[in-house]
Amino acid sequence: MNARGTDLGAPLIRRALARDARRLTRLVRTSRAYEGHWAPMVEGYRVGPDYIEAHRVFVAVAGTEGPVLGFYSLVLDAGERRGLGELDLMFVSDAAQGHGMGGRLVAHLREEAARAGLDAVRVVAHPPSEGFYRRVGAERTGTVAATPPYVMWDRPELMLHIA
């Protein structure tokens, strides 16, 4: 058990199912990473069953069907560059923060990207998350300009190379 009462045990990372949509949406909307002036970014955000079916969405759960510890979405068709994917979403539950869950999800992402034949994965990060992505090996490649009214701030663009 961690300090927040969640048993992380040996988390299972599996392909998300349509029935996971509500739990993933709740994780996004309640994330402490998006409090304060960041809150408008996820207000009303929805991870729907259609999104889960259209993309490679993977969820980490405690045990086999315990609490959601985190999830990510890998988009294979990331534009014109062949061999490039994009990390569309990555969230770690507040209870699992600081326990290596983000690193586990990135390791899984790398395996999935390699299986899909990708050379690299583009990451447009939430600004406070840039340090995490750099620690797991992503390199800063630029800045993505704000797109009001949806995203009100510039975001770091990084590249996670798949070896």
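View 1. What you see is a predicted model, in which local features need pLDDT of at least 70 and side-chain atom pairs count only at pLDDT 80 or more, whereas totals for chains, interfaces and linings use all residues. Residue numbers start from 1 along each chain as its sequence is written, and side-chain values use heavy atoms, with hydrogens and water left out. The partner of Glu 130 in a salt bridge is Arg 140, with 3.0 Å between the closest N and O atoms. Here a salt bridge is a side-chain nitrogen of Lys or Arg within 4 Å of a carboxyl oxygen of Asp or Glu. Because Glu 130 sits in helix 4 and Arg 140 in strand 6 (residues 139-144), the pair ties together parts that are ten residues apart in sequence. Helices (H or I, at least four residues) and strands (E, at least two) are DSSP runs, numbered from the N terminus. Arg 140, at 36% relative accessibility, counts as partly exposed.

**View 2. Arg 14, Asp 20 and Arg 23 in one network.** Salt bridges that share partners link Arg 14, Asp 20 and Arg 23. Look for the contact between the side chains of Asp 20 and Arg 14, which is 2.8 Å from N to O. Asp 20 counts as buried, at 1% relative accessibility, and Arg 14 counts as buried too, at 13%. For another setting, turn to the salt bridge between Asp 50 and Arg 46, at 3.8 Å from N to O, where both residues are exposed. The structure holds nine salt bridges.

**View 3. The largest pocket and its lining.** About 850 Å³ of space lies in this pocket, and 35 residues line it. Tyr 34, Met 90, His 126, Ser 129 and Tyr 133 are the lining residues nearest the pocket's centre. Two or more lining residues come from each of strand 4 (84-92), helix 3 (101-115), strand 5 (120-124) and helix 4 (130-135). Strand 4 contributes the most, with seven residues. By type, the lining has 20 nonpolar, nine polar and six charged residues. Ala, Val, Leu, Ile, Met, Phe, Trp, Tyr, Cys and Pro count as nonpolar, Asp, Glu, Lys and Arg as charged, and the others, Gly among them, as polar. A pocket is an open set of points, on a 1 Å grid over the protein atoms alone, where a 1.4 Å probe fits, with protein on both sides within 12 Å along at least five of seven lines; lining residues have an atom within 4 Å of a point. Grid points are joined across faces, edges and corners, and the volume is the space filled by probe spheres set on the points.

**View 4. Strand 5 between its pairing partners.** Four of the five residues of strand 5 are buried, so the rest of the structure largely encloses this strand. Strand 5 runs parallel to strand 4, with four bridges between the two; strands pair if DSSP finds at least two bridges between them. Leu 84 has Ala 120 of strand 5 as its bridge partner. From strand 4 the chain passes through helix 3 to strand 5 in a right-handed β-α-β crossover, that is, with the strands pointing away from the viewer, the path from the first strand over the helix to the second runs clockwise. Strand 5 is also antiparallel to strand 7 (residues 155-161), with five bridges, and Ala 120 faces His 161 there.

**View 5. Strand 3 and its antiparallel neighbours.** Eight of the eight residues of strand 3 (residues 68-75) are buried. Strand 2 (residues 56-61) joins strand 3 through six antiparallel bridges, with Ala 60 opposite Gly 70. These two strands make a hairpin with six residues between them, and Gly 63 in the turn has a positive phi of about 70 degrees. Six bridges also join strand 3 to strand 4 in the antiparallel sense, where Phe 71 is partnered by Phe 91. Leu 74, in strand 3, counts as buried at 1% relative accessibility. Its C-alpha atom is 7.7 Å from that of Leu 89, 15 residues apart along the chain.

**View 6. A cis peptide bond between Pro 148 and Pro 149.** Omega for this bond is about 5 degrees. Pro 149 is found in the loop between strand 6 and strand 7.

Notes:
Buried means under 20% relative accessible area, exposed over 50%, partly exposed in between (1.4 Å probe, protein chains only).
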